[in-house]
Amino acid sequence: MGKILVTGASGQIGTFLTKKLNQNKKKIVCLDIIKPKNTNLPFLKIDLKNKNGFKKVHKELEDIEILIHLASTVNSGQNVGLNGIDSVNLNIHGTLNLLDNLPNLKQISFASSYMVYGKPKMQIIHETHATNPENIYGASKLITEKILQVFSEKKKINLNILRFMGIYGIVSPYVKQAIPSFIEKILDKKNPTVFGTGNVKRNHIYIDDAIDAIIISINHKLNHKLNNKLNNKLNNKYNIGGIDSPSNLELIKIINNEIGTKIKPNFMDSKNKEYSFITDIHNANKKLGFKPKIGIKDGIKKTVDEYRKLRKNDS
Amino acid sequence: MIHNIKNKKILVTGGTGQIGSFLVEELVKKKANVFVIGRNKKNLKEINVLVKSKKVTFLECDLTNNNRIKKIKNILKEIDLLIHLSSDLSEVKTNLIDNAHFSINLNINGTINLLPHLIKLKGIIYSSSTAVYGNTKEKKTNEENTTNPVSFYGCGKLGAEKYLNIFCNFNKIPLTILRYSSVYGPRNRTNQVIPIFIKKALENKTIILYKKGKTVRDFIYISDIINATIKVITNNQEGIFNIGSGDKTTMYQLAKKIIKLTNSKSKISFRESLNEINFVSDSKKAKIKLKFSTKINLDKGLLKEIEWHKNYIVIKK
């Protein structure tokens with residue numbers, strides 16, 4: 001297998017992924033704006049937005065054959081006037097800058113998001129669901145998917161688009177999703193905040209399963225001939241989600257059980273209408289052989305352990 | 001959305017282009033207070049008369065340049081309705097990625113840069129394109145169809161649609177997206193198939209067809225486009241609308257028609273090609289909600305465009 005470039009390598013997912021790839025003896029190069037901690041892997045300090053920044057790493061990128069593209073803005077707000085441009089410049093133009101500097105690319109795995117779909121029209125979301133993103137993050141991910149699609153078809157490059165459900169099991173300073181925020185509160189013996197009724201469900205995916213999906217995808221070659229024949233561009237887009245689809249109230253119960261507490265949530269009215277979001281992962285299972293292994297209880301246990309370890313080290 | 005046009009402050013981006021110039025003329029007739037944004041005042045062409053007579057205010061501004069936009073912000077903050085046409089069909093750069101940057105920058109960055117300045121806005125009409133659908137083969141395509149653009153131009157248009165959608169939801173502004181089929185008629189200065197065929201026919205040169213001339217397209221005459229756009233305002237309609245004729249025309253039929261209408265001695269020759277985009281629009285939704293129907297058929301419309309090219313070529317010589 002050729003050399004792998006991981007963008008966003010210093011992020012939470014990137015850190016776990018590069019560690020695992022390194023254990024598997026893959027040749028990898030890390031790319032990020034910040035140097036990754038605790039690793040001696042080859043590292044390129046590049047801001048994807050800056051076209052000229054690539055000039056100095058021309059040689060290092062020449063023999064990259066596989067791209068795992070994680071680098072992205074994280075703002076999932078709706079204020080286009082305020083935050084829209086950042087998402088376009090990094091996620092879309094940044095991706096184009098990257099593609100322009102990988103002359104021997106053969107394979108791409110792109111980390112997209114369930115947010116490309118927008119408001120669900122069905123109970124279980126298949127990859128064919130309409131894509132009407134309701135926030136900036138979803139829009140920028142969707143259009144990045146589209147430019148990668150056009151590029152990979154013109155250049156005959158294998159492309160796999162992974163539409164991730166919310167990933168948990170990592171301690172991210174940027175993304176405050178349900179599970180980490182509930183755990184933090186309950187560990188502090190405070191009431192976690194639940195927006196709306198708390199009955200909305202998600203098939204959250206544990207970090208290890210998410211990383212498995214990425215590693216499987218870089219080995220997956222799309223059959224171009226078959227793809228053209230079917231004219232079905234949906235067959236390289238994969239929902240990646242977890243086994244269970246707990247509601248927020250169920251999550252709080254599981255976390256309480258794990259920690260040995262009985263802390264009740266605070267209910268708050270939600271500004272935006274909250275809805276259940278469960279993605280259908282059959283396509284990824286059938287075509288990539290992806291199978292999540294960690295159920296919600298195990299995943300929460302591991303995550304709580306992570307937090308406890310972290311807090312022990314901090315104190 | 002605003003219901004009537006009279007005295008409303010309407011900003012038309014890309015107002016010097018084919019659709020823009022005809023639309024501006026129509027809006028002036030309907031007594032709107034029209035502002036036009038264009039990249040270069042040297043490109044005013046047909047609307048120069050209206051700008052000189054002060055019936056239209058021209059704002060020279062490149063929407064991809066934030067500093068330029070800030071210079072006209074006092075005008076922008078008073079605008080009632082934005083009709084956003086600004087775009088560029090031609091993928092001009094030789095490098096694939098440069099073209100992609102160009103399309104994304106013009107369509108998405110340009111749109112997002114403009115939006116925060118329009119603080120009194122009551123509606124947006126965005127002129128998108130059926131390029132957002134990609135290659136749909138020969139079946140009629142409606143607004144619910146999946147969007148898989150096969151060009152960076154289509155990606156740029158789709159991106160602008162998506163960001164506009166989020167902006168309008170967030171700020172509670174009515175949004176209408178019009179996905180135009182292939183527009184033709186006078187003032188067509190593009191390098192699209194009809195102008196190419198007409199020029200060849202007028203010079204009795206061979207017309208080249210790909211894929212045995214079987215590629216189908218949906219052509220819609222410029223005045224029908226203007227009509228549909230005005231009807232969005234008068235019928236106060238939001239949402240996505242395909243605006244097309246719904247008629248399948250093969251490239252072979254088109255070439256034959258143009259040769260006949262120009263009394264040309266041009267021959268047709270066939271070549272192989274990788275990919276040609278087929279598209280036929282299903283515009284039922286526009287028919288029902290906008291009460292829109294096309295009035296000019298292809299023969300009649302082509303004759304008008306041919307006449308225009310004859311004069312235009314003479315002027316250019």
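A compact globule of 317 residues would have a radius of gyration near 20 Å, and chain B agrees with 19 Å. Here the radius of gyration is taken over C-alpha atoms, and the globule rule is 2.2 Å times the number of residues to the power 0.38. Please keep in mind that this is a predicted model, in which local features need pLDDT of at least 70 and side-chain atom pairs count only at pLDDT 80 or more, while totals for chains, interfaces and linings use all residues. Residues are numbered from 1 along each chain as its sequence is written, and chains are lettered from A and ligands numbered from 1 in the order in which they are written.

Chain A has a radius of gyration of 20 Å, close to the 20 Å from the globule rule for 315 residues, so it is as compact as a globular protein of that length. The table sets out the two chains; helices (H or I, at least four residues) and strands (E, at least two) are DSSP runs, numbered from the N terminus.

| Chain | Secondary structure | Span of the C-alpha trace along its principal axes |
|---|---|---|
| Chain A | 10 helices and 13 strands | about 55 × 45 × 40 Å |
| Chain B | 11 helices and 15 strands | about 55 × 45 × 40 Å |

Now to the sheet of chain B. Its 7 strands form an open sheet with parallel pairing, in the order S3-S2-S1-S4-S5-S7-S12. Two strands pair if DSSP finds at least two bridges between them. Strand S3 (56-60) and strand S12 (239-243) of chain B are the edge strands, each pairing on one side only. From one strand to the next, the twist averages 20°. Strand S7 (residues 175-180) of chain B runs parallel to S12(B), and 5 bridges join them. Leu178(B) has Phe241(B) in S12(B) as its bridge partner.

Helix H8 (residues 222-234) of chain B packs on this sheet, where it touches strand S5 (123-129), S7 and S12 of chain B, and its direction makes about 165° with that of S7(B). Axes are lines fitted to C-alpha atoms, for helices over the stretch in contact, and angles run from 0 to 180 degrees between N-to-C directions.

H8(B) also meets helix H1 (residues 18-29) of chain B: their axes come within 10 Å and cross at roughly 55°. H1(B) and H8(B) are therefore oblique to each other; angles under 35 degrees count as roughly parallel, over 145 as roughly antiparallel, 65 to 115 as roughly perpendicular and the rest as oblique. In this contact (C-beta atoms, placed from the backbone, within 7 Å), H1(B) contributes residues including Phe22(B) and Leu23(B), and H8(B) residues including Ile225(B) and Ile226(B). By class, the contact has 7 nonpolar, 2 polar and 1 charged residues. Ala, Val, Leu, Ile, Met, Phe, Trp, Tyr, Cys and Pro count as nonpolar, Asp, Glu, Lys and Arg as charged, and the others, Gly among them, as polar.

In chain A, the axes of helix H3 (residues 80-100) and helix H4 (residues 136-155) come within 9 Å and cross at roughly 25°. H3(A) and H4(A) are therefore roughly parallel to each other. Among the residues that meet are Val88(A) and Ile92(A) in H3(A), and Ile143(A) and Ile147(A) in H4(A). This contact has 11 nonpolar, 7 polar and 1 charged residues.

Finally, the chains meet through 26 residues of chain A and 25 residues of chain B. H3 and H4 of chain A each supply at least two residues of the side that touches chain B, and H3(A) gives the most, with 10 residues. By class, that side of chain A has 13 nonpolar, 8 polar and 5 charged residues.

Definitions and conventions: Contact = placed C-beta atoms within 7 Å.
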